[in-house]
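Hello,

Here is the structure we talked about. Please open it first, then read my notes below.

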Amino acid sequence: MSAVQDCLFCKISAGVIPADVVLESDLAIAFRDIDPKAPTHVLVIPKKHFADVTDLMSNDPDLASELLTLATKVAEHEGLATGYRIVTNNGEDSGQSVAHVHFHVLGGRSLSWPPG
Ligand code: AMP
């Protein structure tokens, strides 16, 4: 596993910084967002560092499948039978604040569209 120094999510993945882990696979980990935007708000990240989806798809596109599979398992685990949203921010204009690719899994209430 490559870890980037000072990357918050690399530290969570390595267990250096604690997180409320929901599910985990060999290559990915899902934990609750510290500032939830919905009753269920879980982040799905690869254990290996990629800055964003562009970086991920350029270097390890198969891992995207693993991440989305874990995201759907999170939705099932959280009982989001009436629907949920998977979203990722990519780069400055999107508002991405942590430069380690992650999928937000949001649910547990009716979600407005489009997002702000
Ligand atoms: P983004 O703005 O798309 O990069 O999403 C980053 C997310 O990480 C935000 O929703 C934050 O609330 C969340 N976050 C930041 N620090 C932590 C942490 N230590 N544990 C869990 N979630 C975090």
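**Ligand contacts**

An oxygen atom of the ligand is 3.1 Å from a polar backbone atom of Val98. The protein covers 84% of the 500 Å² of accessible area that the ligand has on its own. Keep in mind that this is a predicted model.

The side chain of Asn89 has an N or O atom 2.8 Å from an oxygen atom of the ligand. At Gly95, a backbone N or O atom lies 3.4 Å from a ligand oxygen.

**The shell around the ligand**

In total, 17 residues surround the ligand. The closest are Asp33, Asn89, Ser97, His102 and His104. By class, the shell has seven nonpolar, six polar and four charged residues.

Which element gives the most to this shell? Helix 1 does, with three residues. Helix 1 spans 8-13, and strand 2 spans 28-32. Each of these two supplies at least two residues of the shell.

As for the site itself, the ligand takes up the space of the largest pocket.

**The fold**

The protein has three helices and five strands. Along the sequence, the pattern reads α-β-β-β-α-α-β-β. The radius of gyration is 13 Å, close to the 13 Å that the globule rule gives for 116 residues, so the protein is as compact as a globular protein of that length. Its C-alpha atoms fill a box of roughly 35 × 30 × 25 Å, taken along the principal axes.

Best wishes

Technical notes:
Residues are numbered from 1 along each chain as its sequence is written. This is a predicted model: local features need pLDDT of at least 70, side-chain atom pairs count only at pLDDT 80 or more; totals for chains, interfaces and linings use all residues. Side-chain values use heavy atoms; hydrogens and water are left out. A residue is near a molecule or strand if one of its heavy atoms lies within 4 Å of it. A polar contact is a pair of N or O atoms within 3.5 Å; within protein, one must be able to donate a hydrogen and the other to accept it, and residues adjacent in sequence count only if both atoms are side-chain atoms. Accessible areas come from the Shrake-Rupley method with a 1.4 Å probe; for residues, only the protein chains shown count as cover. On a 1 Å grid over the protein atoms alone, a cavity is a set of points where a 1.4 Å probe fits but cannot get out, and a pocket is an open set with protein on both sides within 12 Å along at least five of seven lines; lining residues have an atom within 4 Å of a point. A molecule sits in a cavity or pocket if more than half of its atoms lie within 2 Å of its grid points. Helices (H or I, at least four residues) and strands (E, at least two) are DSSP runs, numbered from the N terminus. Ala, Val, Leu, Ile, Met, Phe, Trp, Tyr, Cys and Pro count as nonpolar, Asp, Glu, Lys and Arg as charged, and the others, Gly among them, as polar. The radius of gyration is taken over C-alpha atoms; the globule rule is 2.2 Å times the number of residues to the power 0.38.
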